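This report looks at one strand pairing, at the sheet around it, and then at a helix pair elsewhere in the chain. The sequence and structure follow.

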Amino acid sequence: MEGALIARDKVGVQDFVLLDSHTSEAAFLNNLRKRYQENLIYTYIGSLLVSVNPYQELDIYTVTQMQLYRGVNFFELPPHLYAIADNAYRVMCNEYNNHFILISGESGAGKTEASKKILQYYAVTCPTTEQLQTVRDRLLLSNPVLEAFGNAKTLRNDNSSRFGKYMDIQFDFKGAPVGGHILSYLIEKSRVVHQNHGERNFHIFYQLLEGGDKDLLCWLGLERNPQKYTYLIQGRCAKVFSINDKNDWKIVRKAFSIIDFTEKDIEHLFGIVASVLHLGNIQFEEDSNGHAIIRDGTQIKWISKLLGAHLSILQEALTHRKIEARSEEVLSPLNVDLAFYARDAVAKAIYGRTFTWLVNKINGSLANKVGFLSGKTVIGLLDIYGFEVLDTNSFEQFCINYCNEKLQQLLIEMTLKAEQEEYELEGIEWEPIPYFNNKIICDLVEQKHKGIISILDEECLRPGEATDLSFLEKLEEKVGDHAHFVTRKLADQKTRKSIDWVDFRLLHYAGEVTYCAVGFLEKNNDLLYRNLKEVLCNSKNSIMRDCFLLSELDNRRRPETVATQFKNSLTSLIEILMSKEPSYIRCIKPNENKEPGKFDDFLIRHQVKYLGLMEHLRVRRAGFAYRRKYELFLQRYKSLCPATWPHWHGPAAEGVERLIKHIGYKPEEYKLGRTKIFIRFPKTLFATEDAFEYRKHLLSKAPVPLVWDRGAWGSLFLALAWMGLEATWDGGRFINGFINRKKPLCPENRDFVRLSQYYYLMKLRDHLPKNVLDESWLQPPSILEEVREFQCKGLSFSHQLQQKVVTSAVFSGKKEGYLESLGQPFLETRLSEFSKPLEASYVTPVIKYDRNGFKARERLLVLTQSSAYVVEMAKIKQKIEYSTLKGISTSNLSDGIVVIHVPEDNKQKVGNWDTAPVSWCLK
Ligand SMILES: Nc1ncnc2c1ncn2[C@@H]1O[C@H](COP(=O)(O)OP(=O)(O)OP(=O)(O)O)[C@@H](O)[C@H]1O
């Protein structure tokens, strides 16, 4: 206990306070620098996590660290990714809602690493079973496969994501990961055929050449030397010091077997990868008529073999274009330039569509096959290509940066804007803090008819001679007066020099980016000659046939342009995210050289500025560190005030007022809104948390059933769960008390009581004082993990063990779900005082509602072997025998209401209570 408090004082509080006292940018940067130099790479601004890429493995990603953060409020320990992950997870489990974690920052800032660490955190800390272990492995192993095919070395990052990824992790009602789903966004296909100096193609090509065994390479017609392949050598850096292609190949190869890829799938997949390399080596020359012919037939033969395409048809498709004139089809020979264009187009199309196939295949293997369909919640992880400025920026950078504008907009909408609007809504006095809203740039790009994408589409689709230059002219005409758009013609004298005639410049939220318009039309159209498509549709390679459907050939409608498809997919993504509870991680790149420990002030200041971190800080500082609905605040802290403990029956707002008056909040420390309490300073909250912690410590020492969270409806459900499972337990001995119950609970109710049982136990764990979770216990063999659990929780070990043995004798092989429940400790919630006169097996405080007027009354519910009793003080108010029980209904809401149905003809007058209802309604 003490340890936890000291740790919190030393680190958690300090983190907040330091930030709290820093309003100036310089002070904030100083703080970040100082922390970075001490290897403290994480900092909070409120609940937003700022992460500065360390470029070295620090000792903060261990399983012990993960366990440390598990189930602890995020402000209690030093800032960490795990705290954010755990917080989202816990809220999801408690409130059954969906979450997402948005990880943003520029290329190389550490987004992918962060998302992988979060995934690992869930894999390690979430409950699992043998069956779920496969799901967990698949979730983890989908990453190396996707990275192999979708990541590449760029100048800014040796493992840069060249596609956007949004991954939903699905959890069942117990909080166990049961499945996943990945949405991918616009892979940078142009990289397949062209790489800038110092950059590589996608990792998989190098991995295959480096790691693939001799027989495989021989079968694919490949040589173990990237220098032999045109598509791999343009960046002149096939070998990279920081990348171990051979090792990565092994991981990918192993991953394939775990994520359900058959040998045939793998054969076809690498047939495609090799075909792309062979395609790149095809050279054309001119025949006497100026038509393109293939110079050397070796490559095309390999492609024909690997794709299962007819050699002469393939040859023809690469050198001719099929033109449809009325009802006739005419083959028109291509010149050399067009033949190269066709070759590259088919290589890009093959790779791009195979990537989509790969994602779908992985999704098939991640699909939830084991979990309960009901009660499924998700946590989404968004790791998407970061803001990017290259020497020459093309259509791909335009899309990537537009995507980052959209995410910035989402963040503004959900934080800066939402927070300030919330104050207004809640009637809290507030001086608005200005911030840059990048909506204006999003509109410039995406507005219907008027935005850059619409203008680009118009140029792509209109008849006549449209070129990249005519597109640029259209832009000048239509958006030339926009404050965030410049071309050479529109620029003032000073900036003119830095913009070429084929360029346009956008003033993004993250800085200026000059785009070269050359290639925009072609990349946006992304057309593939019809005869090439036909070849691929008829391929014997099953992946190709899945990717190129014959129906596509019949569809005469022009496909949507790439930019419009991308815009639409981003709109859907934003909708997906808006429906979930957000957590944010802002990644910062500390220097351009990928060097550990180097804090480049200039570079970081720029990121702090455009990420809007100072505005976040000011809103946080001027605003309130914490806000919570009255009901939830009261629920958590009600034990701190005698008037609210154990129950407060009035409105929650009044309860909170009583509570904070009792604790002694000063007026400047809080504000009461319409539905929420707002606490200004973190220290106020910490003091409250400390008091709560101490209170729990005291409570847990007292006899459990009478004082411990009397409102814990879970206790009742636990009892009901046992009843539903037709058994109960008397003072350590199990008795088949309900064995004669004829009707078992229906499946929904059974799931529900199991859920209640599970959460009750989780609650039990969370409410134990921290010092009992002592890491000094020796790591037991896994078979004894359960025993250790009891030790850790401070429960009587031998007693629990005895009970487990007895239970095993009674239930093993007889009770459904018994094996699953083995790992959960039994509760010590028996009431010894009652055991003699009533032979009680279970006691819990409840609120009983009368049929007449639904009036609430505090009672105790006592469950014995044969009957249930409602008790007031020491008086039995009502008794019902289980043999007469008609049924039990539970509410489908989280209100904890249970109705116990009693037959009409079975009314009993007990004690002095003469209004025995037909049903008991309990909470
Ligand atoms: N927490 C970390 N610990 C150690 N190294 C890290 C960490 N985060 C990032 N790095 C290093 O920085 C590199 C770049 O990180 P990462 O690939 O996550 O960047 P990114 O933001 O996803 O970039 P992109 O947008 O280009 O995909 C990693 O390959 C790794 O070397």
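## The pairing of β6 and β7

In this predicted model, strand β6, which covers residues 164-171, pairs with β7 in the antiparallel sense over 8 bridges.

Strand β6 is mostly covered, with 8 of its 8 residues buried. In a regular strand, side chains alternate between the two faces of the sheet. In β6, G164, Y166, D168 and Q170 point one way, whereas K165, M167, I169 and F171 point the other way, and all of these are buried.

Strand β6 also runs antiparallel to β12, to which 7 bridges join it; in this pairing F171 stands opposite T377 of β12.

## The sheet as a whole

These strands belong to an open sheet of 7 strands with mixed pairing, arranged in the order β1-β2-β16-β3-β12-β6-β7. Strands β1 (42-45) and β7 (177-185) stand at the edges and have a single partner strand each, so one side of each is left without a neighbour in the sheet. On average, and with direction ignored, neighbouring strands of this sheet are turned by 20 degrees against each other.

Helix α5, residues 111-125, packs on the sheet and touches β2 (48-52), β3 (99-104), β6, β7, β12 (377-383) and β16 (581-588). The direction of α5 makes about 155 degrees with that of β12.

## A helix pair: α14 and α22

Two packed helices are described by the angle between their axes and the distance between the axes. For helix α14 (residues 311-319) and helix α22 (residues 530-537), the angle is about 155 degrees and the axes lie 8 Å apart. The two helices α14 and α22 are therefore roughly antiparallel to each other, and their crossing is left-handed.

At this contact, I313, L314 and A317 of α14 meet N531, L532 and V535 of α22. Counted by class, the contact of α14 with α22 has 5 nonpolar residues, 1 polar residue and no charged residues.

## The chain in overview

The protein chain has 37 helices and 28 strands, and buried residues make up 42% of its 923 residues. Of the contacts in the chain with a separation of 6 or more, 66% are accounted for by residues 24 or more positions apart.

Technical notes. Residues are numbered from 1 along each chain as its sequence is written. This is a predicted model: local features need pLDDT of at least 70, side-chain atom pairs count only at pLDDT 80 or more; totals for chains, interfaces and linings use all residues. Axes are lines fitted to C-alpha atoms, for helices over the stretch in contact, and angles run from 0 to 180 degrees between N-to-C directions. Helices (H or I, at least four residues) and strands (E, at least two) are DSSP runs, numbered from the N terminus. Angles under 35 degrees count as roughly parallel, over 145 as roughly antiparallel, 65 to 115 as roughly perpendicular and the rest as oblique. A crossing is left-handed if the near helix is turned anticlockwise from the far one by less than a right angle, and right-handed if clockwise. Two residues are in contact if their C-beta atoms, placed from the backbone, lie within 7 Å. Ala, Val, Leu, Ile, Met, Phe, Trp, Tyr, Cys and Pro count as nonpolar, Asp, Glu, Lys and Arg as charged, and the others, Gly among them, as polar. A residue is buried if 20 or more other C-beta atoms lie within 10 Å of its own, exposed if 12 or fewer, and partly exposed in between; C-beta atoms are placed from the backbone. Two strands pair if DSSP finds at least two bridges between them.
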